[in-house]
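Hi everyone, thanks for coming.

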Amino acid sequence: MSVLLLTHRACLDHDPGPYHPECPDRLRAVLRALDDEEFAGLIRGEAPQATVEQLCRVHPRNYVDAILAIRPEPDDRVALDGDTLMSWGSAEAALRAAGAACAAVDAVMKGEVRRAFCAVRPPGHHAEPARPMGFCLFSNAAIAARHAQAVHGVERVAVLDFDVHHGNGTQAVAETDETLFYGSSHQWPLYPGTGDPRERGVAGNVVNATLQPGADGEAFRAAWRDRILPALDAFAPGLVVVSAGFDAHARDPLAQLRVREADYAWLTAELCAIAERHCRGRVVSMLEGGYDLTALAASAAAHVRALLRA
């Protein structure tokens, strides 16, 4: 099964500073894992920069201009909030991350590949249309969904998010539009405090499944099997976009779930199976969180391995 891997070295130049968990070494760890011989079959490409038009399908123009205008000196950083900082390379990194999302959609929708994984940073699922937050500048998964609709005429796009934190930014885009589906499992309570199961969107097109601290892979699988996957199947998407955060792993320092690599592989296979039923197997996956480097590398490898095998 052909799988595209998109990344760019500019994504390493986004440097929020010493001791910040969303560090360049995260991406280095993922790319080292995917350099293993077992991944030799990946089709590898460089992420382009997103255009302003692509970004503005989700974000207001004044917001896009403001973010791209922030270009600190090499040794300086600009804090957008307590967690979200920009360095001299952050603007280009964010453009490459969003550009990867759109390029992956293009490749999948044109039939050049069946699936794609975007190994990029900064992540995106906390970025609201007019507000950066939670390490995120642009809402990459939502940008991918809107690009698929605007350029390729996809009527219904689903975004599935298994990051340990709720993707409030993605939900903010989806919850008012019945042509989008957003499904998320996440620890509760936890940052950013959104994602209550009662948040259902305009047409039941938002499904949130909360997990208590200490929940293991069995609870994680049950949340998807019993709640999110049936709703996704009923939605019948024309494209599946994945927010692939790996911070629900038992080793991750930012949360308290106990998910393992096998659970990520299982869920990836389930998402691919639904994509096969409804949209010729078309899946675009975006890297989100994951802050223990060993767990992140192993989990991302398990996810991509499942994309290749599904």
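Let's start with a question: how many aromatic pairs does the count come to? The count comes to seven aromatic pairs. Please keep in mind that this is a predicted model.

How do we talk about such pairs? Two things describe a pair of aromatic rings: the distance of the centres and the angle of the planes.

Take Phe135 and Tyr291. Their ring centres are 5.8 Å apart and their planes stand at 80 degrees, so this pair is edge-to-face.

Now a second pair, Phe220 with Tyr264. This one is edge-to-face as well, with 6.1 Å from centre to centre and 75 degrees between the planes. Phe220 belongs to helix α7, residues 217-235, and Tyr264 to helix α8, residues 261-279, so the pair ties together parts that are 44 residues apart in sequence. Are these two buried or exposed? Phe220 has 1% relative accessibility and counts as buried, and Tyr264, with a relative accessible area of 0%, is buried too. Phe220 and Tyr264 also belong to one aromatic cluster, together with Phe162 and Phe246.

One more ring before we move on: Phe235 has Arg156 lying over its face, at 4.1 Å from the ring centre.

Let's turn to the sheet. It is an open sheet of eight strands with parallel pairing, and the order reads β2-β1-β5-β10-β9-β6-β7-β8. At the edges you'll see β2 (43-46) and β8 (206-211), each pairing on one side only. Neighbouring strands here are turned by 15 degrees against each other on average, direction ignored.

Let me zoom in on β9, residues 239-244, and β10, residues 283-287. These two strands run parallel and are joined by five bridges. Which residue is the bridge partner of Val240 in β10? The partner is Val283.

Helix α5 (residues 140-152) touches β6, β7, β9 and β10, and its direction makes about 165 degrees with that of β6. Helix α9 (residues 293-309) touches β1, β5, β9 and β10, and its direction makes about 165 degrees with that of β5.

Definitions and conventions
Residues are numbered from 1 along each chain as its sequence is written. This is a predicted model: local features need pLDDT of at least 70, side-chain atom pairs count only at pLDDT 80 or more; totals for chains, interfaces and linings use all residues. Side-chain values use heavy atoms; hydrogens and water are left out. Two strands pair if DSSP finds at least two bridges between them. Helices (H or I, at least four residues) and strands (E, at least two) are DSSP runs, numbered from the N terminus. Axes are lines fitted to C-alpha atoms, for helices over the stretch in contact, and angles run from 0 to 180 degrees between N-to-C directions. Contact means heavy atoms within 4.5 Å. Rings of Phe, Tyr and Trp (its six-membered ring) pair if their centres lie within 6.5 Å; planes under 30 degrees apart count as stacked, over 60 as edge-to-face and the rest as tilted. Buried means under 20% relative accessible area, exposed over 50%, partly exposed in between (1.4 Å probe, protein chains only). A charge sits over a ring if NZ of Lys or CZ of Arg is within 6 Å of the ring centre and within 35 degrees of the ring normal.
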